[in-house]
Amino acid sequence: MLLLDACIWLQRTDVVDFRNRVQDIPSQFIYDVYDFVVIGGGSAGAAVAARLSEVCDWNVLLLEAGTDETFLSDLPYLYPVLQKGPLDWQFETEPNARFCQGMRGNRCSWPRGKVLGGSSVLNAMMYVRGNAEDYDEWAALGNVGWSWRDVLPYFVKMENVRDPKIAGQPYHGTTGPMTVELIRNHSVLQPMFLRAARELGMKLAAEVNGPDQLVFAPLHGTVRDGLRCSTAKAYLRPVANRKNLHISMGSMVERILIDPKDRRAYGVLFRKGNRRQFVLVAKEIVLSAGALNSPHLLMLSGVGPRDQLQRHGIRVIHELPGVGQNLQDHVAAGGGVFLIKNPKGSAPLSVRLLEVMDVSTARDFLFRNQGRLVSMPSCEVMGFINTKYNEPGSRRGDVQIFMSAQSDISDGGTEGMAGAGLTYDYYARNFESWVYHDSFLIMPLLMRPKSRGWLQLASDDPLDKIKIFPNYFAVERDLDILVEGLKFGVRVASTSAMRNINATFIYDTEHGDTCHGRTGDTFFKCLIQHYSQTIYHPSGTAKMGPASDPMAVVDNQLRVHGIGGLRVVDASIMPTITTGNTNAPTIMIAERAADLLKYAHLPVLLREQHYRQCDTVDYQYHPAGDDTVPREVKGSKKVPPP
C-alpha cells in the first residue's frame with residue numbers, strides 16, 4: 001500500500017489533483033461570525049456548504065473533524081482497507097445475543113467516515129436513489145414537499161450520469177456535480193450472474209434506478225473516470241477557492257451554543273488541534289454530522305431525551321424524546337459463499353487477492369487506469385426481489401441482492417474478516433479450509449426493517465462515542481425475510497448457468513460446528529445471527545415529522561422542533577429508511593436543504609433572480625412560485641415520476 005501510494009504521487013496527477021485539493025483554514029484566520037456554519041463535511045455537509053456558498057454575500061464555515069481524502073481512497077477496489085483506519089470513526093455496537101455472534105466482543109463494526117467527504121470516501125460507491133414509494137411514504141407521514149415528485153428534480157440536479165445507455169432518460173441528469181458511471185473491470189462471472197437471475201424469473205435492466213426497481217443490473221457507482229467521486233471531490237474541490245467558503249479540517253465540534261431563554265442556536269464550540277474556540281452564527285447552523293454524530297451533538301447541546309441528559313448532568317434546553325431514537329439500518333446476511341470450479345484450461349472465473357496484489361495490477365492502474373484496482377470487490381450485479389413476506393404485488397422489493405466475484409475466502413481473511421470484525425475462531429471454523437479457493441458471494445440485505453434501534457449517551461464528554469443499540473431482529477419477521485434472501489442465493493447456485501461451474505454452497509461441504517448441525521430455516525437463522533453485517537446505512541435518528549408527532553425531531557423544512565436557527569441535514573432525518581443504498585438519498589437531502597435555506601433567507605431576491613452568484617457553478621436556485629416549499633430546480637427536466 002505504501003509503495004502504491006508513492007507511485008500514485010509520482011505517476012497519477014489526476015488522483016493527486018494538487019491544484020484543486022481543499023486547503024485547510026488555520027485557526028487564526030477563522031472569522032468570529034459567519035452567516036452559516038455547517039457541522040460535518042460528509043456526504044450531506046460538503047454538498048450543502050458548497051451550495052450555500054453560491055451566494056457571494058454569505059460567508060460559510062464548514063467544520064470537519066477529519067482530514068482530506070487520501071490517494072488510496074480514490075481506488076474503488078481498496079475501499080475495505082480504509083475501514084478501521086484513521087479515516088474511520090471506528091464505531092462499534094453494544095453487545096447483543098441476537099446478532100453479531102461471530103464478531104469480536106459480540107459487537108458489529110459500524111464504519112463511518114471521519115474525513116472530508118465523510119462516508120462517501122469509505123463506502124462502496126453504489127448509486128441507488130431508492131424507490132418512489134419511499135418518498136411518497138415520507139410525505140404521507142406529514143412531510144409536505146418530500147414526495148417522489150418533489151425530490152426527483154434534486155436527484156436530476158445532482159447527477160452527472162455518463163453511461164450512454166441511461167444518460168438520455170428524462171429522470172436522469174447529466175450536468176450535476178456527482179458523477180455516475182458503470183463500475184469498470186467486471187469479472188467473467190458478471191454475465192453468468194445476469195443469466196442466473198433471468199433463469200430465476202428476474203427481469204434484467206440497464207440500471208436499478210429506472211421505472212422498475214425489481215430488476216437485476218450491472219452496478220452503477222459514484223465514480224469518475226473509474227475513480228471514486230466523493231462529495232468532497234464533486235462539490236468542494238471545484239469551489240475550494242471561493243473567498244466566502246472557509247473549510248476547517250481537524251475541527252472537533254463539542255457543542256452547539258443555544259440561548260436557553262429564546263431557544264435559538266447562536267454559535268458553535270469546537271476544538272482545532274490544541275485550541276478550543278467558538279464562532280457565532282448570523283443566520284443558521286446546519287448540523288450534518290451523520291446519523292450517529294448529529295443526535296450525539298444535539299444531546300450534548302441540551303436537546304434530546306430528558307432522562308439521558310439529566311443522567312449526565314447536561315442542562316435540558318429543550319426536551320425532544322425522539323433524538324437518537326428510530327435507528328434503522330440495512331442489515332445483511334454475510335457468509336453466503338459459493339465454491340466454484342473453473343472450466344478446464346480457462347483462467348480463474350473469480351477474483352482472488354493473490355492475483356490482485358501483483359505488480360501487473362499496479363501497472364494497469366498507474367499507466368492505463370484499468371485493472372482490478374478500479375473494480376468493485378463487493379458487488380458486480382445488483383438486484384431487488386420480493387419475498388413471500390412482502391405485500392402482494394409490491395413494486396418495492398424487501399430484499400436487495402449483491403452478487404460478487406469474490407467472497408470471504410478470496411482474500412484469506414486479510415480484508416473482509418477484519419472489516420466485518422469476525423473473530424479468528426469463527427473465520428477458521430467456517431472458511432479456513434477453503435481460503436483462496438475460487439468462489440462467489442451472494443449477499444442479501446433487509447430493506448425496510450420493522451425493528452428499531454436507539455442511541456444512548458455514554459457521558460457528557462464529546463470524545464466519548466455514542467452507544468449504539470441497533471436492535472436487529474427484535475421483530476422476528478426481519479430475520480425471516482433475510483432467510484428468504486439466503487435461500488435466493490442457494491437457488492442462484494442451482495441454475496444451469498451456475499451448475500456448469502459446479503457452484504456449491506460452502507456450508508453444504510463443511511458445516512463446522514458453528515450452528516451445531518441445524519438444518520433448514522433454523523440453520524439459515526443461525527448463520528445470519530452469527531454473521532450479521534451492516535451495509536453502513538444508519539439513518540432515522542433525528543427523524544422528520546410534524547410537530548404533532550412526539551418523536552419527530554425536525555419539521556419538513558429540516559428545522560429542529562422548538563429550536564431556532566438550527567437544521568439537521570443528513571440521513572438522520574429520514575423517517576423511514578430508503579430502499580437501497582442511502583448515500584444518494586443523503587446527497588439529495590442536502591441539495592434540497594440548500595434550496596430551503598436560500599428560499600428562507602433570500603425570498604425577495606430569489607424571486608427576482610438578483611442575488612449575486614459566486615464564480616462558475618452551473619446551477620442557480622429557481623423556485624416555482626410556491627411560497628412555502630420550492631418545487632422545481634432550474635435546469636432540471638420536468639419529468640413524471642418513473
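## Strand β22 and its partners

In which sense do strand β21 and β22 pair, and over how many bridges? The pairing is antiparallel, and six bridges hold β21 (residues 399-404) to β22. This is a predicted model. V399 has L446 of β22 as its bridge partner. Strand β19 (residues 337-339) also runs antiparallel to β22, joined by three bridges. There, L339 stands opposite S439.

Strand β22 spans residues 439-446, and eight of its eight residues are buried, so the strand is largely enclosed by the rest of the structure. S439, L441, M443 and L445 point one way. F440, I442, P444 and L446 point the other way. Both sets are buried.

## Aromatic pairs

The whole structure holds 23 aromatic pairs. One of them joins W138 and W146. Their centres are 6.2 Å apart, with 55° between the planes, and the pair is tilted. W138 and W146 are both buried.

W454 and F469 form a stacked pair, at 5.1 Å centre to centre and 10° between the planes. W454 belongs to strand β23 (residues 454-456) and F469 to strand β24 (residues 467-469), so the pair ties together parts 15 residues apart in sequence. W454 is partly exposed, at a relative accessible area of 31%. F469 is also partly exposed, at 21%. Buried would require under 20%.

Ring pairs also build a cluster from F193, F338, F440, F505, Y507, F523 and F524. F440 is a residue of β22.

## Charges over rings

The charged end of K114 sits over the ring of W89, 4.6 Å from the ring centre. K465 places its charged end over the ring of F91, at 5.8 Å from the centre.

## The site around D555

D555 lies in the loop between β26 (532-534) and β27 (566-568). Its relative accessible area is 14%, so D555 is buried. Beyond neighbours within four places in sequence, D555 is in contact with M544, G545 and H561. I39 is 516 residues away along the chain, and its C-alpha atom is 19 Å from that of D555.

## Annotated domain

An unreviewed UniProt entry carries the annotation "domain: Glucose-methanol-choline oxidoreductase N-terminal" for residues 113-136 and 290-304. Residues 113-136 are 21% helix and 0% strand, with end C-alpha atoms 29 Å apart. Residues 290-304 are 73% helix and 13% strand, and their end C-alpha atoms lie 16 Å apart.

Terms used. Residues numbered from 1 in each chain as written. Predicted model: local features only at pLDDT ≥ 70, side-chain atom pairs only at ≥ 80, totals over all residues. Heavy atoms only, no water. Helix = DSSP H or I, 4+ residues; strand = E, 2+ residues; numbered from the N terminus. Buried < 20%, exposed > 50% of the residue type's maximum accessible area, 1.4 Å probe, protein only. Contact = heavy atoms within 4.5 Å. Pairing = 2+ DSSP bridges. UniProt positions renumbered as here; feature names shortened; annotations may be inferred. Phe/Tyr/Trp six-rings, centres within 6.5 Å; stacked < 30°, edge-to-face > 60°. Lys NZ or Arg CZ within 6 Å of the ring centre and 35° of its normal.
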